[in-house]
Structure formats: C-alpha cells, structure tokens
Amino acid sequence: MNIYMKRHLIDLVLSGKKTQTVRAWKRTPPKPGTICKLNFKIPIIITERYQKSISELTQEELLRDGFQSLKEFKKVWLACYPVFDPAQLVWVIRFEIPTK
C-alpha cells in the first residue's frame with residue numbers, strides 16, 4: 001500500500017521527527033507489521049493503528065506527527081482535507097523506517 005505525504009513531511013520522516021500520520025480514511029489502514037511505501041518510494045513498517053477524534057489527540061501524538069501545536073496540525077490538515085472538525089474520527093497510524 002502507498003501512503004502519500006507532502007514533501008516537507010517526508011523530510012520529517014527521514015529525519016526521525018515524524019513517526020506517525022493521522023488520516024481521515026474510511027477504510028481500515030494496514031495492520032501492524034505491514035510494509036507500506038511513502039510516495040511509492042520510502043518503505044515503512046506499520047507498528048500501531050487506532051482511532052480517536054481529532055480533539056482527543058495529545059501533545060505527544062502531535063509531536064510524533066511532526067507538529068508543535070494543534071494550530072500547526074490544523075493548517076496542514078486543511079491543505080489536505082476540506083474541513084477541520086475536532087469531533088471527526090481519524091486513524092492514528094504509527095510507523096518506523098525498517099533497518100537494513
């Protein structure tokens with residue numbers, strides 16, 4: 001499965017500052033242990049997945065997603081999705097880059 005990310009977010013993944021993504025997917029994301037690719041190039045291993053509302057995201061989860069604040073997260077969210085609804089149920093998907 002491919003997971004698309006904007007270039008500046010890929011840079012955060014490669015630097016180790018982004019280890020999860022939050023998605024408004026209707027489908028269930030890949031289960032832990034699945035190898036996916038970011039932008040058809042960078043392999044990642046899904047380590048955890050769970051659902052919660054945007055309003056339930058913790059500061060730790062925002063940091064894992066590469067954001068310093070909910071305001072910063074919201075700005076990027078609105079560049080990807082048409083609406084920011086704090087009550088919306090989202091998937092939190094944690095991952096790691098496999099070691100060689």
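Predicted model: local features only at pLDDT ≥ 70, side-chain atom pairs only at ≥ 80, totals over all residues.
Me: Where in the chain does Phe 40 sit?
Reply: Phe 40 is in the loop between S3 and S4. Asn 39 lies in that loop too.

Me: What about the phi of Phe 40?
Reply: It's near 65°, a positive value in a residue other than glycine. Asn 39 also has a positive phi, near 55°. For background, most residues other than glycine have a negative phi.

Me: And which residue just after H1 has a positive phi?
Reply: That's Gly 16, with a phi of about 85°.

Me: OK, back to S3 and S4. In which sense do they pair, parallel or antiparallel?
Reply: S3 and S4 pair in the antiparallel sense, over 4 bridges. Across that pairing, Cys 36 stands opposite Ile 44 in S4.

Me: What holds strands together in general?
Reply: Strands of a sheet pair through backbone hydrogen bonds, either parallel or antiparallel.

Me: So what does the sheet look like here, and in what order do the strands come?
Reply: It's an open sheet of 5 strands, in the order S1-S3-S4-S5-S2, with mixed pairing. The edge strands are S1 (2–3) and S2 (20–23), and each of them pairs on one side only.

Me: Zooming out, how many helices and strands does the chain have?
Reply: There are 3 helices and 5 strands. Starting from the N terminus, the elements run β-α-β-β-β-α-α-β. The radius of gyration is 13 Å, close to the 13 Å the globule rule gives for 100 residues, so the chain is as compact as a globular protein of that length.

Me: What share of the chain is buried?
Reply: Buried residues make up 40% of the 100 residues.

Me: Let's go inside. How many residues are in the largest nonpolar core?
Reply: The largest nonpolar core has 27 residues, and Leu 38, Phe 73 and Trp 77 have the most contacts inside it. H1 (7–15), S3 (35–38), S4 (42–53), H3 (70–80) and S5 (89–96) each supply at least two residues of this core. The largest share, 5 residues, comes from S5.

Me: What does Trp 77 touch, apart from its close neighbours in sequence?
Reply: Leaving aside neighbours within four places in sequence, Trp 77 is in contact with Val 22, Arg 23, Ala 24, Ile 54, Val 83, Phe 84, Gln 88 and Val 90.

Me: Last topic, H1. Which of its residues are buried?
Reply: Leu 9, Ile 10 and Val 13 are the buried residues of H1. Seen down the helix axis, they fall within an arc of 105°, so they line one face of H1.

Me: Why can residues a few places apart point the same way?
Reply: An α-helix has 3.6 residues a turn, so residues three or four places apart point the same way.

Me: And what do those buried H1 residues pack against?
Reply: They pack against S3, S4, H3 and S5.

How values were computed. Residues numbered from 1 in each chain as written. Heavy atoms only, no water. Core = buried A, V, L, I, M, F, W, Y, C linked by side-chain atoms within 4.5 Å. Buried < 20%, exposed > 50% of the residue type's maximum accessible area, 1.4 Å probe, protein only. Contact = heavy atoms within 4.5 Å. Pairing = 2+ DSSP bridges. Rg over C-alpha atoms; globule rule 2.2 N^0.38 Å. Arc of directions from axis to C-beta.
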